[in-house]
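Welcome, and thanks for taking a look. Here is a short briefing to read alongside the structure.

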Amino acid sequence: MAEQEEWTGTIGRVLLGATRGDGGTRSVQYCIGGSRDLPFLPGEAPCGKRPLIALEICDDPVLWPPVVREQVGDLAGDTAAWAREAEKTYGADLVRLHLTSTHRRQTPDPDGMKKTVESVLAATTLPLIIEGSSDPALDSEVFQRCGEAGAGERLLLGTAEADRYRSIAAAALAYGHAVIAQSPIDINLAKQLNILLREIGVPVDRIVIDPYTGALGYGFEYSYSVMERIRYAALKGDTDLAMPVISAAPDSLTVREVRDAAPADRQERALSWEFHAAFPAAVAGADIVCVRHPLSVKRLRDACSALAARQKGTPAQGGG
Amino acid sequence: MALKALDIYKLLPKKNCKECGFPTCLTFAMKLASGKADAETCPYLDEATKQLLKGATRPPILRVKIGVGERSFAVGEEIVLFRHDKSFVHPPGILFLVSDRQTTDEIRRVATRVKDEVFPRVGELLRVNGIAIRNDSGSPEAFGKAVRVVEETAEFPEMLIAGSPASMEAALAECGNYRPLIHAATAENHGAMCSLAKRYGAPLAVRARGADALRNLAGTCAAAGVQDLVLDPFPETLGEFLITSTLIRRLALARSAPELGYPVYLDATAPGLEEAALSLGILKYAAVMVTTPRNPASLLPSLTLRQNIYTDPQKPIQMTPGIYRVGNPTRGDPLLLTVNFSLTYFTLLGYLESSRISCFLLLVDTEGFSVLTAVASGKLNENMIRDSLQRFGVEAETGHRTLVLPGYAAPLSGRVEEATGWKVLVGPRDAAEVPEFLEQSWKKAPGG
Ligand code: B12
Ligand code: SF4
């Protein structure tokens, strides 16, 4: 092993969000990826980039973590207002909207969903991640409507899996969006899915890998290592893995250690539990890290900035 | 540079006298090359060759032990850059910081926490390893006194932080024989600090900013005869720590800089960023870390991350397969099937115990995979369930033939009934709902 590893690969770039000039309405466009070294090492990028932080919100909060509902209060019932606060009050780089209303066994309401996406697009100027249906039977309808609602905005659409990727790919191709490709903590499965997507025409610069992140204490170490392996393989020249990575550990706020914490400690325990999967994911090379507790955004941003800073007093920029 | 077996062989006396305990000089050379023998055991080597061989065959990162007795901990001996390449070996020691400006009561309170606070998690006890005492007052007397307060509370590893050798000496007079970590030898004071470390046989932290400066200073201290060193790269930012500690680990593993082949230290007390610094240290090669006495609400996540990252990726923490009793089960009480992943077992156990249920748990050998993972990969199937029921003599214990399967194993239920001849009840997916399920369904079941 040498002092400096010889890399031959570069992580591909993916553009998220479209500004007026690019035919959208976002205030910023992010360019993620592009790394040429291990995360945060000197060869990585000249400008000291930090990962982007996405705050997750939903359109039906019934199953959403209680600690978040307590924090956001009435916002949970008003998706657009919640999105606005994500940008204005909490300082997220991206908003990730989960259409959790599709979880409930009720007649799907594609028009309602489309309206929700439109209202969120109107409420925030940030680039969006839209997490569509969680029921394969609804996929094609839901992705079609979401894709259409955000046409031209360069959304990041989620989530494609090995046995469910056609509808989402079709929507992404038709309306110019990027897709999240998720596989269960396995570098070979991640690679396979990327190949499948490519074969049906999704260009590599529209794919973001989600290697599946288990909560801290509940499989997180496997996810951490898979993220490290993906980055390593990509830098060693494996182009089927050379896409940016998104990480979310959605169970962080509902694990037993948070549920059982004394009421006075619960918020701090929740924030810290979420932080301890989110920050290590950034260290392992995730380009987008998602959190659900609004107060996690600043905590994570400060930590990632300190990590991206080589010397005191050099602020790190998000993405772009 | 590391020597190959043949290079080593060339340096040996070639008597094949077996006095080293190996049949030939060549075997001895091969053992030396793989770090499994000590050059000392051949009586015919001259001193210079011995030292040469020791340098070339030592572990790339030396082992350093801090403290004595039950709570002492060893660090170093790491062999990889990424945990997936093999495994990380020694979890970093985390020490709570106190200042000699604090009152006796305050210091004692922190020391008591270090002594008593444990967090049981999946069959292991998570805890902070020791205490670091810092000479903020500048006074040797105050420093010595603070150390004495800690000493009176309990035995656990200590670290002494002082720039002045006089202060250090006062503290070592209190605890020097218990292998405290001395922090730190610097460009200014290394002569005096080295002699203190040698006098007490204590490990010594060396502080210099960046890998090059550290390499020089550590080389000087090693040449002065201090064997147990710890490197403090003294970073200004988290990013700088990551860069320097990665470089140190790389150079050490490549054996291209033996002066850097020691465990690394990180002061994680960065204002506002402490949990980030702790996380980063755990992930990226810190072996000893100091933190303020953190609130348990955010300390437990740090300790859990350390447990996760230092678990061998090839071997999840496992339970021995077999029958386990919860409460005082008697014949006729429920029998629950689960896997031998220790997280699964302890999660389930927690809910059963808190609702005071007596039952039998049959832990089958899924090689440490969780229920869902084992089902998805075919490691949990009807044949192994049948074999486990037989192997562990389950029926003789329970006196009935009804088995409760985890909700996630529902797809197997028909096949399990067929293969075993037992009646199967499918339980809930979430362990939290198991007590209520047993209340409602077990009594109605033919076995109950
Ligand atoms: C960490 C992890 C892994 C780790 C293994 C960890 C381990 N020791 O098992 C690794 C990376 C190796 C892995 C591998 C795989 N995994 Co995996 N993995 C996970 C993850 C993130 C967490 C698992 C975990 O630790 N759960 C916690 C324990 C405590 O849960 P549990 O054992 O199920 O116990 C609970 C209940 O079952 C219940 N319970 C337990 N016992 C009993 C008994 C009774 C009687 C009752 C009533 C209840 C009960 O109580 C517990 C607490 O509620 C899950 C996702 C998730 N959130 O579950 C995916 C997941 C289980 N994996 C999945 C898959 C597909 C796989 C692979 C097949 C894919 C692959 N990568 O190749 C492989 C299979 C392994 C192999 N290659 O042979 C899928 C399963 C899909 C499905 N629904 O079938 C999941 C759900 C991820 C996903 N969404 O895609 N995995
Ligand atoms: S003791 Fe020395 S000389 Fe004798 S066999 Fe062993 S290595 Fe060779």
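Chain B is divided into domain 1 (5-52), domain 2 (64-309) and domain 3 (322-444), with bounds that come from an automatic or database domain assignment. This is a predicted model, in which local features need pLDDT of at least 70 and side-chain atom pairs count only at pLDDT 80 or more, while totals for chains, interfaces and linings use all residues. Residues are numbered from 1 along each chain as its sequence is written, chains are lettered from A and ligands numbered from 1 in the order in which they are written, and side-chain values use heavy atoms, with hydrogens and water left out.

**Ligand 1**

- Ligand 1 lies between chains A and B, and 37 residues surround it, a residue being counted if one of its heavy atoms lies within 4 Å.
- The closest of these residues are A:Pro184, B:Thr338, B:Thr344, B:Ser370 and B:Val371.
- In chain B, strand S14 (335-339), helix H12 (342-354), helix H13 (371-377) and strand S16 (402-405) each supply at least two residues of the shell; helices (H or I, at least four residues) and strands (E, at least two) are DSSP runs, numbered from the N terminus.
- H13(B) gives the most to this shell, with five residues.
- By class, the shell around ligand 1 has 23 nonpolar, nine polar and five charged residues, where Ala, Val, Leu, Ile, Met, Phe, Trp, Tyr, Cys and Pro count as nonpolar, Asp, Glu, Lys and Arg as charged, and the others, Gly among them, as polar.

**Ligand 2**

- Ligand 2 is surrounded by residues of chain B, including B:Cys17, B:Cys20, B:Cys25 and B:Cys42.
- Its shell divides into seven nonpolar, one polar and three charged residues.

**The second largest pocket**

- About 890 Å³ of space lies in the second largest pocket. On a 1 Å grid over the protein atoms alone, a pocket is an open set of points where a 1.4 Å probe fits, with protein on both sides within 12 Å along at least five of seven lines, and lining residues have an atom within 4 Å of a point. Grid points are joined across faces, edges and corners, and the volume is the space filled by probe spheres set on the points.
- Of its 28 lining residues, the closest to the centre are B:Gln51, B:Lys54, B:Gly55, B:Arg58 and B:Leu62.
- Helix H3 (47-57) and helix H8 (211-223) of chain B each give two or more residues to the lining, and H3(B) gives the most, with six.
- The lining divides into 15 nonpolar, seven polar and six charged residues.
- Domain 1 and domain 2 of chain B both give residues to the lining, so this pocket lies between them.
- The C-alpha centres of those two domains lie 35 Å apart.

**Salt bridges and backbone details**

- The structure holds 38 salt bridges over all chains, each a side-chain nitrogen of Lys or Arg within 4 Å of a carboxyl oxygen of Asp or Glu.
- A:Arg96 forms one with A:Glu56, the closest N and O atoms being 2.8 Å apart.
- A:Arg96 lies in strand S5 and A:Glu56 in strand S4 of chain A, so the pair ties together parts that are 40 residues apart in sequence.
- A cis peptide bond joins B:His183 and B:Ala184, with omega about 10°.
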